[in-house]
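Here is a short report for a reader new to this structure. Take a look at the sequence and the model first.

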Amino acid sequence: MRISVVTLAGREVAVVDADGAWTKADICSSLDALSPFRGGRLRLFHEGTEVCGTTTLFDVGLMQGGHLQVVVEQRPQIVTASTDKTARLWCARSGECVGNFEGHASMVKSAAFSPDGARVVMASADSTAK
């Protein structure tokens with residue numbers, strides 16, 4: 001069945017060909033490659049009922065042409081610049097390093113997120129930004 005994935009404001013962000021027996025894991029897997037959903041925890045709702053665990057689309061009453069509302073809870077992350085010519089991405093909750101950005105010939109003087117949080121820009125003492 002074809003379903004629409006919409007924001008709480010009603011804006012359609014994806015259309016998915018799904019099976020009624022799909023669970024949240026199946027839906028998230030199909031949405032995984034879409035940039036608005038990367039890096040966040042997805043919560044899915046149909047008419048106020050959350051699709052979670054082993055609950056299927058049929059269980060929440062979703063039919064052909066129906067809508068799922070999506071809420072993306074962003075993972076709090078921190079980006080840091082380093083004298084070792086890298087920038088690192090950290091999970092703010094656990095303190096774990098979850099990413100490493102390389103490619104500069106000299107120390108990275110600053111690093112920042114793009115306005116949408118999807119990218120990192122680094123400025124280096126080698127007079128380049130990446």
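## Salt bridges

The side chains of Arg-88 and Asp-84 meet in a salt bridge, 3.1 Å from N to O. This is a predicted model. Arg-88 is partly exposed, at 24% relative accessibility. Asp-84 is also partly exposed, with a relative accessible area of 37%. In total, the count comes to three salt bridges.

Another of these pairs joins Arg-2 and Asp-17. Their closest N and O atoms are 3.0 Å apart. Arg-2 lies in strand β1 and Asp-17 in strand β2, so this pair ties together parts that are 15 residues apart in sequence. How accessible is Asp-17? Asp-17 counts as exposed, at 51% relative accessibility, because the cut-off for exposed is over 50%. Arg-2 is partly exposed, with a relative accessible area of 45%.

Arg-43 pairs with Glu-50. Here the closest N and O atoms are 2.9 Å apart. Arg-43 has a relative accessible area of 25% and is partly exposed. As a general point, side chains of opposite charge can pair when their charged atoms come close.

## Nonpolar cores

Which residues have the most contacts inside the largest nonpolar core? They are Ile-3, Ile-27, Leu-31, Leu-57 and Leu-68. This core has 16 residues. The largest share, three residues, comes from α1.

A second core is separate and has five residues. Among them are Ala-87, Leu-89, Val-108 and Met-122. In soluble globular proteins, nonpolar side chains tend to be buried together.

## His-46

Strand β3 covers residues 40-46 and includes His-46. Is His-46 buried or exposed? His-46 is buried, because its relative accessible area is 7% and the cut-off for buried is under 20%.

What does His-46 touch, leaving aside residues up to four places away in sequence? The contacts are Val-60, Gly-61, Leu-62, His-67 and Leu-68.

Key
Residues are numbered from 1 along each chain as its sequence is written. This is a predicted model: local features need pLDDT of at least 70, side-chain atom pairs count only at pLDDT 80 or more; totals for chains, interfaces and linings use all residues. Side-chain values use heavy atoms; hydrogens and water are left out. Helices (H or I, at least four residues) and strands (E, at least two) are DSSP runs, numbered from the N terminus. Buried means under 20% relative accessible area, exposed over 50%, partly exposed in between (1.4 Å probe, protein chains only). Contact means heavy atoms within 4.5 Å. A nonpolar core is a set of buried Ala, Val, Leu, Ile, Met, Phe, Trp, Tyr and Cys residues joined through side-chain atoms within 4.5 Å. A salt bridge is a side-chain nitrogen of Lys or Arg within 4 Å of a carboxyl oxygen of Asp or Glu.
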